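My notes follow in the order I checked them.

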Amino acid sequence: MKVIASLILAAFATVANAQDRDWSAPQQPFTIYGNTHYVGTAGISAVLVTSPQGHILVDGTTAKGAQVVAANIRTLGYKLEDVKFILSSHSHEDHAGGLSALQKMTGATVLGGKDNVETLRTGVSPKVDPQFGSLSNFPGSAKVNAVSDGEVVKAGPLAVTAHSTPGHTAGGTTWSWQSCEGAQCKTVVFVDSLTAVSADSYRFTDHPEIVAQLRGSIAAVQKMACDIAIAAHPEVNDMWGRQQRAAKEGSAAYVDAKGCGAIAAAGLKRLETRLASEKR
């Protein structure tokens, strides 16, 4: 687990240096497991969970990336108007920038943690966000509703559970659901960002409430039932390496019961490193 966490921590550094054009770059869609499909960009995850009675989309990537997500949904043979809900992990431009456009294209309702709803509506991050002052505004969405911890979002046979994971943002949310291939069902978890990232002038040691939120969220993800982990940034748990292995191994390449734990362990290590650096 320590080795995996170290690799994931290195991936976090790669993510931090990514350019916006990478976050919005085209990426061919693909099936992860059963009715769970990757429809995001080359740098930001978005996942479509499908059913004959309607679909659920998790995250919208960037404002530019919305067109990539829409095209990917169509490429897989699904109709945009069949998307009933769009679920938000957190309210930063790289993950929520495309929600407004995708909502207009689908007519879906956007759902997010209650403390992120206002930001999702306005596209303007609040001062309590550790990254305030360094964040870009993004197009707000018209139809946004709040979800609470443990709430289940249903569309036909689909049931996606919200798990409150604040810290990176005040209303951060991790999402989980079941996907099946025949009689083999797996718990899929879309893990919200668990990273201690901030504007240059921000000190986490001056905000013990945010540190407590991050610790609580990391612990919650560590404990979750998790057969397939999908990180908000695909590099974080080697999505592209898994995709390459899937050419030979099939969907088994994405199955890793330690995936959520490794992401959480890397998030904790990064937090501890940041807190230690602030004491120097």
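Is F30 buried or exposed? I looked up its relative accessible area and got 9%. The cut-off for buried is under 20%, so F30 counts as buried. I keep in mind that this is a predicted model.

**Confidence**

I checked pLDDT next. The mean for the protein is 93. I also noted that 92% of the residues reach 70 or more. One stretch needs care: over residues 2–21, pLDDT stays under 50. For that stretch I find 24 contacts beyond four places in sequence.

**Rings around F30**

I searched the whole structure for aromatic pairs and got five. One of them joins F30 and Y38. I read 5.1 Å from centre to centre and 10° between the planes. This pair is stacked. I then looked up Y38 itself. Its relative accessibility is 0%, so Y38 is buried.

F30 has another partner, W240. Here the centres are 6.2 Å apart and the planes make 70°. I logged this pair as edge-to-face. Where do the two residues sit in the chain? F30 is in strand β1, and W240 is in helix α8, residues 239–249. They are 210 residues apart, so I marked the pair as a link between distant parts of the chain.

I also asked which residues make up the aromatic cluster here. The answer is F30, Y38, W240 and Y254, in one cluster.

**The sheet**

I followed β1 into its sheet. How many strands form this sheet? I count seven, and the sheet is open. The order is β1-β2-β3-β4-β5-β6-β7, with mixed pairing. The edge strands are β1 (30–33) and β7 (144–147). Each of these pairs on one side only. From one strand to the next, the twist averages 30°.

I looked more closely at one pairing. Strand β5 covers residues 83–87 and strand β6 covers residues 109–113. They pair in the parallel sense, over three bridges. I found L87 opposite L111 of β6.

Which helix packs on the sheet at these strands? I found α5, residues 99–106. Helix α5 touches β4 (55–58), β5 and β6. I also noted its direction, which makes about 170° with that of β5.

Terms used: Residues are numbered from 1 along each chain as its sequence is written. This is a predicted model: local features need pLDDT of at least 70, side-chain atom pairs count only at pLDDT 80 or more; totals for chains, interfaces and linings use all residues. Side-chain values use heavy atoms; hydrogens and water are left out. Two strands pair if DSSP finds at least two bridges between them. Helices (H or I, at least four residues) and strands (E, at least two) are DSSP runs, numbered from the N terminus. Axes are lines fitted to C-alpha atoms, for helices over the stretch in contact, and angles run from 0 to 180 degrees between N-to-C directions. Contact means heavy atoms within 4.5 Å. Rings of Phe, Tyr and Trp (its six-membered ring) pair if their centres lie within 6.5 Å; planes under 30 degrees apart count as stacked, over 60 as edge-to-face and the rest as tilted. Buried means under 20% relative accessible area, exposed over 50%, partly exposed in between (1.4 Å probe, protein chains only). pLDDT is the predictor's confidence in each residue, from 0 to 100.
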